[in-house]
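Please look through the sequence and the model shown below before reading on.

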Amino acid sequence: MQSVLAIAIGGALGALGRHYMNVFISMTAKVSFPVGILLVNVLGCFLMGVLIACFTLVWNPSQEIKLFLITGFLGAFTTFSAFSLDVMTLWSRGAVFEAMAYILASVVLSIMAVFLGHWIVWKIFGAA
């Protein structure tokens with residue numbers, strides 16, 4: 001039951017974080033390109049890399065904390081469904097080039113962010 005609560009609470013906080021960060025970035029950037037969700041996904045991937053490396057090198061939290069952070073918070077913070085909707089919206093507007101650029105940027109930058117977050121933590125804590 002504690003695992004279920006950890007995931008549920010983390011998920012609620014992650015979803016709220018995604019929503020408000022997306023709204024803030026979208027209002028600030030004032031562009032039709034879905035930069036808010038793009039940045040949320042890249043940040044979430046960076047945090048995933050940081051946390052996974054931290055769990056290996058410097059912090060061994062309980063299973064519930066891992067579920068709260070990884071499955072709950074980051075699982076709800078980064079979202080493929082919002083990304084997919086943004087692609088469909090761009091495509092349906094006839095912005096095919098922008099849709100393809102968004103797909104490429106989201107995938108490449110998010111994967112790079114996971115590696116970067118992981119690498120940074122290993123550089124700080126992994127070298128003896």
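## Overall fold

The protein chain has five helices and zero strands, where helices (H or I, at least four residues) and strands (E, at least two) are DSSP runs numbered from the N terminus. Read along the sequence, the elements therefore follow the pattern α-α-α-α-α. This is a predicted model, in which local features need pLDDT of at least 70 and side-chain atom pairs count only at pLDDT 80 or more, while totals for chains, interfaces and linings use all residues. Residues are numbered from 1 along each chain as its sequence is written, and side-chain values use heavy atoms, with hydrogens and water left out.

Along its principal axes, the C-alpha trace of the protein chain spans about 50 × 40 × 20 Å. Of the 128 residues of the protein chain, 34% count as buried, a term that stands for under 20% relative accessible area, with exposed meaning over 50% and partly exposed lying in between (1.4 Å probe, protein chains only). A contact requires heavy atoms within 4.5 Å, and among the contacts in the protein chain with a separation of 6 or more, 69% come from residues 24 or more positions apart.

## How α2 packs against α5

Two packed helices are described by the angle between their axes and the distance between the axes. Helix α2 (residues 35–57) and helix α5 (residues 96–126) pack at an angle of about 30°, with their axes 7 Å apart; axes here are lines fitted to C-alpha atoms, for helices over the stretch in contact, and angles run from 0 to 180 degrees between N-to-C directions. That angle makes α2 roughly parallel to α5, because angles under 35 degrees count as roughly parallel, over 145 as roughly antiparallel, 65 to 115 as roughly perpendicular and the rest as oblique.

The crossing in which α2 passes α5 is right-handed; a crossing has that name if the near helix is turned clockwise from the far one by less than a right angle, and is left-handed if anticlockwise. By class, the contact of α2 with α5 has 20 nonpolar, eight polar and no charged residues, where Ala, Val, Leu, Ile, Met, Phe, Trp, Tyr, Cys and Pro count as nonpolar, Asp, Glu, Lys and Arg as charged, and the others, Gly among them, as polar.

## Two buried helix residues

Asn41 lies in helix α2 and counts as buried at 8% relative accessibility. Leaving aside residues up to four places away in sequence, Asn41 touches Thr78, Thr79, Phe83 and Ser110.

Leu74, in helix α3 (residues 63–77), is buried as well, with a relative accessible area of 3%. Not counting residues up to four places away in sequence, Leu74 touches Gly44, Leu47, Met48, Leu51 and Leu69.

## Aromatic rings

How many aromatic pairs does a search of the whole structure find? The search finds five, taking rings of Phe, Tyr and Trp (its six-membered ring) as paired if their centres lie within 6.5 Å, with planes under 30 degrees apart counted as stacked, over 60 as edge-to-face and the rest as tilted. Phe33 and Tyr102 form an edge-to-face pair, 5.4 Å centre to centre with 85° between the planes. Phe33 lies in the loop between α1 and α2 and Tyr102 in helix α5, so the pair ties together parts that are 69 residues apart in sequence. Phe33 is partly exposed at 26% relative accessibility, whereas Tyr102 is buried at 0%.

The rings of Phe73 and Phe77 have their centres 5.5 Å apart and their planes at 10°, so this pair is stacked. Being four residues apart in helix α3, Phe73 and Phe77 are separated by about one helical turn; Phe73 counts as partly exposed at 23%, and Phe77 as buried at 5%. Ring pairs also link Phe33, Phe80, Phe83 and Tyr102 into a cluster.

Most residues other than glycine have a negative phi. Lys30, in the loop between α1 (2–29) and α2, has a positive phi near 50° although Lys30 is a residue other than glycine, and at 70% relative accessibility Lys30 counts as exposed.

Leu85 is found in helix α4 (residues 80–92) and counts as partly exposed at 47% relative accessibility. Leu85 and Pro34 are 51 residues apart in sequence and 10.0 Å apart in space, C-alpha to C-alpha.
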